[in-house]
Amino acid sequence: MKKVLAVLIALSMLLCLGLAACKDSKDPTDSANPDVTGTTKAGDKVTEFDYNAVKDDATSADGKYEIAFVTDVGSLKDQSFNQGTWEGIKRYASENSKTYKYYQPANGDKATDDDRFNAMKAAADAGAKIVVCAGFLQETALTKAAQEFTDVKFVFIDGYTLYSEKDAEGKGIAGKEIKNVAPISFQEEQSGYLAGYAAVKDGYSKLGFTGGGGGENPACCRFGYGFVQGANDAAKELNKTVEMKYSWSFGASFSPSPDLQTMLSGWYSNGTEVIFCCGGNMCQSAFEAAGANDGKVIGVDVDQSSQNDTVITSATKGLRESVMFALDKFYNGQFDTLGGVSTVLGANNDAVGLPTATWGFKNYTVDDYNKLLASIKDGSVKIDSDYTKLAEGAFANVNLTIVK
């Protein structure tokens with residue numbers, strides 16, 4: 001029996017408790033979703049795998065590829081969202097002798113819905129039985145592809161329930177959920193909160209946040225909103241006020257750029273101590289700016305500490321584990337338990353948090369962190385997911401400056 005099986009059994013037991021049908025909503029923490037619960041830390045063993053040893057460009061003798069990945073904008077090896085998702089696919093496929101292939105929509109960060117659909121069609125035409133699609137931008141193309149390729153199953157990472165029909169207000173009609181799409185999302189606001197709280201408790205008082213997607217990406221928005229809330233609560237406990245610059249500038253493409261690096265260098269040179277960089281390969285600009293100014297970086301999605309020595313922690317979510325879980329369900333004939341149902345993963349599933357094995361804080365301890373995490377799990381610490389409330393002056397202990 002393959003060594004990944006033990007991981008997936010534990011993860012299956014954990015996540016089965018976190019499945020919940022919900023209304024058509026791009027907010028996975030909407031009140032229509034019941035709490036998710038779980039106790040097993042299934043992700044611990046997954047990180048021991050050597051992902052670099054598995055080829056990205058595997059070949060198939062018959063030209064058919066059972067498992068496909070359609071990337072989000074940005075590069076495949078973005079050291080963040082795309083890469084974390086892809087690594088889950090590669091591990092499952094390699095340990096279960098499945099063929100696999102990735103497809104990047106044409107036109108890069110200018111990709112259209114047609115480009116994304118064409119990538120999904122190419123995957124289906126090449127024999128894909130299941131296609132993993134990353135990012136909320138896949139919605140329109142995925143809605144079309146899932147209804148055209150009804151024999152293919154789709155996993156929608158950072159997604160939500162898709163509907164074949166909607167009412168006059170554009171809301172999904174109950175009973176019209178697209179059953180061959182399994183949406184999986186995360187409570188990123190919890191992970192962001194943990195990072196912001198830890199940074200302030202460790203002694204940082206001048207923070208920054210730079211996000212991808214131009215402020216239109218729900219996952220990045222939740223990360224950022226949680227980060228501000230965590231910093232505010234920690235500052236309140238310390239009876240102090242902290243400064244935070246907050247911007248979506250130069251992050252629309254989720255890619256590094258000279259303009260982004262220049263902006264972040266300016267922040268550091270004017271006193272910012274640590275910046276939470278949330279947006280795929282944008283991290284390269286943050287690393288360069290931090291390195292040149294003796295600054296620090298908080299990474300995102302996966303543990304980015306190995307990428308650059310300026311990283312003190314990362315606000316993570318279980319991308320690899322969730323993909324492996326969905327693939328295992330499919331190959332065990334249980335995809336129907338996921339299709340058309342919103343699976344929402346958070347602290348109670350050990351699906352978000354900070355990586356303690358690479359702890360970079362000096363004053364805030366792992367024990368402190370574990371106590372806070374337990375308080376989030378038991379509900380005594382509540383974190384808002386409605387990022388539309390974010391505004392200058394909304395927080396008593398964070399002097400928030402939104403940079404446009």
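User: Are Phe69 and Trp86 buried or exposed?

Analyst: Phe69 is buried, and Trp86 is buried as well. Buried means under 20% relative accessible area, exposed over 50%, and partly exposed in between (1.4 Å probe, protein chains only). This is a predicted model, in which local features need pLDDT of at least 70 and side-chain atom pairs count only at pLDDT 80 or more, while totals for chains, interfaces and linings use all residues. Residues are numbered from 1 along each chain as its sequence is written, and side-chain values use heavy atoms, with hydrogens and water left out.

User: How many aromatic pairs does a search of the whole structure find?

Analyst: A pair of aromatic rings is described by the distance of the centres and the angle of the planes. Here the search finds 22 aromatic pairs. Rings of Phe, Tyr and Trp (its six-membered ring) pair if their centres lie within 6.5 Å; planes under 30 degrees apart count as stacked, over 60 as edge-to-face and the rest as tilted. Phe69 belongs to strand S2 (residues 67–70) and Trp86 to helix H3, so their pair ties together parts that are 17 residues apart in sequence. Helices (H or I, at least four residues) and strands (E, at least two) are DSSP runs, numbered from the N terminus.

User: Which residues form an aromatic cluster?

Analyst: One aromatic cluster is formed by Tyr193, Tyr197, Trp359, Phe361, Tyr364 and Tyr369.

User: At what angle do the axes of H3 and H10 cross?

Analyst: Two packed helices are described by the angle between their axes and the distance between the axes. The axes of H3 (residues 81–95) and H10 (residues 319–331) cross at roughly 40° and come within 8 Å. Axes are lines fitted to C-alpha atoms, for helices over the stretch in contact, with angles from 0 to 180 degrees between N-to-C directions. H3 and H10 are therefore oblique to each other. Angles under 35 degrees count as roughly parallel, over 145 as roughly antiparallel, 65 to 115 as roughly perpendicular and the rest as oblique.

User: Which residues of H3 and H10 make the contact?

Analyst: Contact means heavy atoms within 4.5 Å. On the H3 side, the contact residues include Phe81, Gly84, Thr85 and Tyr92. On the H10 side, Leu319, Val323, Leu327 and Tyr331 are among them.

User: Where is Ser322, and what is it in contact with?

Analyst: Ser322 lies in helix H10. With 1% relative accessibility, Ser322 counts as buried. Apart from neighbours within four places in sequence, Ser322 is in contact with Ile157, Ile184, Phe186 and Leu345. Ser322 and Ile184 are 138 residues apart along the chain, and their C-alpha atoms are separated by 7.6 Å.

User: Which residues in helix H9 are buried, and what covers them?

Analyst: In H9 (residues 283–293), Cys283, Ser285, Ala286, Phe287, Ala289 and Ala290 are buried. Their cover includes helix H8 (258–269), strand S9 (274–278), strand S10 (296–301) and strand S11 (311–317). Just after H9, Asp294 has a positive phi of about 55°.
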